[in-house]
Amino acid sequence: MPNIVVVGTQWGDEGKGKVVDILTPHLNVVVRYAGGNNAGHTVVVGKEKYVLHTIPSGILHAGCRCVIGCGVVIDPGSLIEEMESLVQRGVTLDGNLFISKNAHLIMPYHPVLDRASEAKLGARRIGTTGKGVGPAYIDKAGRRGIRMSDLLDERLLRQKVEDNLAVKNRILREIYDAQSFTVEEILNPYLRYAGWLAPYITDTALLLSKWIDAGYQVLFEGAQATMLDVDHGTYPYVTSSNTTAGGASTGTGVPPTRINGVLGVAKAYTTRVGEGPFPSEMQGKLAETIRARGNEYGSTTGRPRRCGWFDAVVLRYAVRINGIDTIALTKLDVLDQCETIKVCTGYRYRGDLITDFPEDETSLATAEPVYEELSGWMTPTTGAKLESDLPPKARRYLERLEELTGVPFCMISTGPQRDETILCEDSPLLRWFPSVRSSLL
Ligand code: GDP
Ligand code: IMO
Ligand code: MG
C-alpha cells in the first residue's frame with residue numbers, strides 16, 4: 001500500500017486540510033510530522049467548519065488512526081482544548097489518536113520568548129504566529145527541550161523545568177524585560193495536562209512500523225509549506241522545522257524507503273502570512289479583491305494574508321525539493337471573476353532571467369517577477385464535477401500551470417466543501433487510492 005506525503009508548495013494555507021480530509025476515507029492512518037499549533041488546517045463539512053491545529057485532519061473520519069509524530073511540537077493546553085472541542089462535536093478520539101512520546105513540548109515560556117523576540121526585532125520581525133513554536137524547536141536542537149514522555153515522570157519533569165527556568169528567567173527578565181515563571185506555576189498545569197494526555201502518549205514510530213507491516217496505508221500531513229521550511233524556505237522568514245517532504249521521515253520515524261509518493265497542494269494563486277519576500281505579491285485594490293473572494297485571513301491568527309499571482313518559479317522549486325509526483329490545485333473559484341490572470345514564469349535579477357528559485361536572501365529581495373498574462377474565464381467554476389465542465393479558458397489556465405510546473409494535476413478544488421472537488425482525468429491519485437474515483441465522481 002503506497003504511503004504518501006501531502007505537502008504545501010507555497011507559503012502555507014494551500015488547502016492541505018481539505019485535501020487530507022478528502023483522501024482519508026481511502027487510507028488507514030494520517031500522521032502530522034512537523035510544526036505545531038502555528039498550523040490551521042480547515043475542513044468544511046456541510047455547515048460545520050473545523051480548524052485543526054495540532055491534530056491531523058483525518059480525525060473527522062471515525063475509522064482513521066491519527067498520529068502526532070515526534071517532529072511536531074505540542075502545546076498541551078492548546079491540544080487539550082482542541083481535543084475537548086472535537087469531542088463536544090461528536091468526534092471519537094479514544095483509539096484514534098496517538099501522540100509520540102518523543103514530541104517536544106511547547107512550555108509557557110516559549111510563546112513569551114517568541115513574542116518578546118519579535119518585538120525586539122521591530123521592523124525586521126518574522127511575523128510569527130506567536131505560539132512559541134520557534135523557541136520550542138530552539139530548545140529541542142539545544143538538547144534542553146522537554147518531551148511528551150517527560151510529562152509522565154514528575155521528578156524528571158521538575159528537574160528539567162528547574163534547569164530551563166534557571167536560564168530562561170534571566171533571558172526573559174534581563175534581555176526582554178518580560179515576565180518570568182516559577183517552577184510551580186509551570187508544574188501545576190503541566191502535571192494536570194499529563195493526566196489528560198497520558199493515555200494517548202506512546203511509541204508512535206513503533207506503531208507506524210507495525211501498521212505498515214500489516215498493510216495499513218499511511219498519509220503524512222504536512223504543515224506550513226515548502227517556502228517556510230527552515231532549510232529550503234525563504235530564510236530567515238520561515239518557520240523552525242523541516243516542513244518539506246524529507247521531514248515526513250525524520251518527523252515520524254518512518255524510513256524514506258517506506259514512503260512512496262508526494263502530493264503537493266497549491267493554490268491557483270499565492271498567499272503568505274507574516275513578513276518576508278514574496279516576488280509575485282499583488283498590491284492595492286487587486287490584493288484586497290482576491291483576499292475578500294478567497295477569504296484570505298489566517299486560520300490560526302486571523303491576520304489578513306498577503307495575496308499574489310501563481311508563481312511557477314516557486315512551484316518548480318517545490319516540485320524539485322519535495323519530489324512532487326502530482327499537484328492538487330485549490331481555490332480555482334477565487335479567480336472566477338478576474339478578466340486577466342497573471343502567472344509568474346521567471347524572475348529578473350540584475351538584468352538576467354532566472355527560472356530556478358534563488359535561495360539567497362539578497363537576490364530574492366530584489367528579484368523582479370516576469371509575468372505571462374492569460375485571459376480569465378469570467379464564469380463560476382464551483383460545482384463543476386469534471387474537468388470538461390470547466391470553462392475552456394479555465395482549462396487553458398490549468399494546462400498552462402501544469403506545463404510550467406512540469407507535473408500532472410490530480411484534483412482541482414473549486415470551493416471549501418468536500419464535493420466541490422474535481423478528480424482530474426487520468427488522475428495520478430488513482431494509482432495510490434483506487435477507491436477515490438467512487439467518492440469524487
Ligand atoms: P491549510 O492550512 O493548507 O489546510 O489551509 P487553510 O485551512 O489555512 O486555508 C485554506 C482555506 O481555503 C480554508 O478556509 C478552506 O476552507 C478554504 N478552501 C479550501 N479549498 C478551497 C477552494 O477550492 N475554494 C475556496 N473558495 N476555498 C477553499
Ligand atoms: P498551515 O499549516 C501560513 C508562518 C508565520 C510566519 C512564519 C514563522 O496552516 O499552512 P512561526 O509561528 O511558525 O514561527 O512563524 O511562518 N506560518 C504559517 N503561515 N500557514 C501556516 O500553517 C503557518 N505556520 C507558520 O505566519 O510568517
Ligand atoms: Mg492554514
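**Interface between domain 1 and domain 2**

Domain 1 and domain 2 are joined by 1 salt bridge, defined as a side-chain nitrogen of Lys or Arg within 4 Å of a carboxyl oxygen of Asp or Glu. The model is predicted: local features need pLDDT of at least 70 and side-chain atom pairs pLDDT 80 or more, while totals for chains, interfaces and linings use all residues. Residues are numbered from 1 along each chain as its sequence is written, and side-chain values use heavy atoms, without hydrogens and water.

**View 1. The salt bridge of Arg125 and Glu275.** The side chains of Arg125 and Glu275 meet at 3.5 Å, N to O.

**View 2. The two domains.** Domain 1 spans 4-95 + 203-440 and domain 2 spans 105-199, with bounds from an automatic or database domain assignment. Their centres, taken over C-alpha atoms, are 29 Å apart. Domain 1 gives 28 residues to the contact and domain 2 gives 19 (heavy atoms within 4.5 Å).

**View 3. Buried area.** About 1,900 Å² is buried between domain 1 and domain 2, 68% of it on carbon and sulfur atoms; this is the accessible area (1.4 Å probe) that two parts lose on being put together, summed over both. Within domain 1, Val73, Pro76 and Ile80 lose the most area to domain 2, together 26% of what that side buries.

Key. Chains lettered and ligands numbered in written order.
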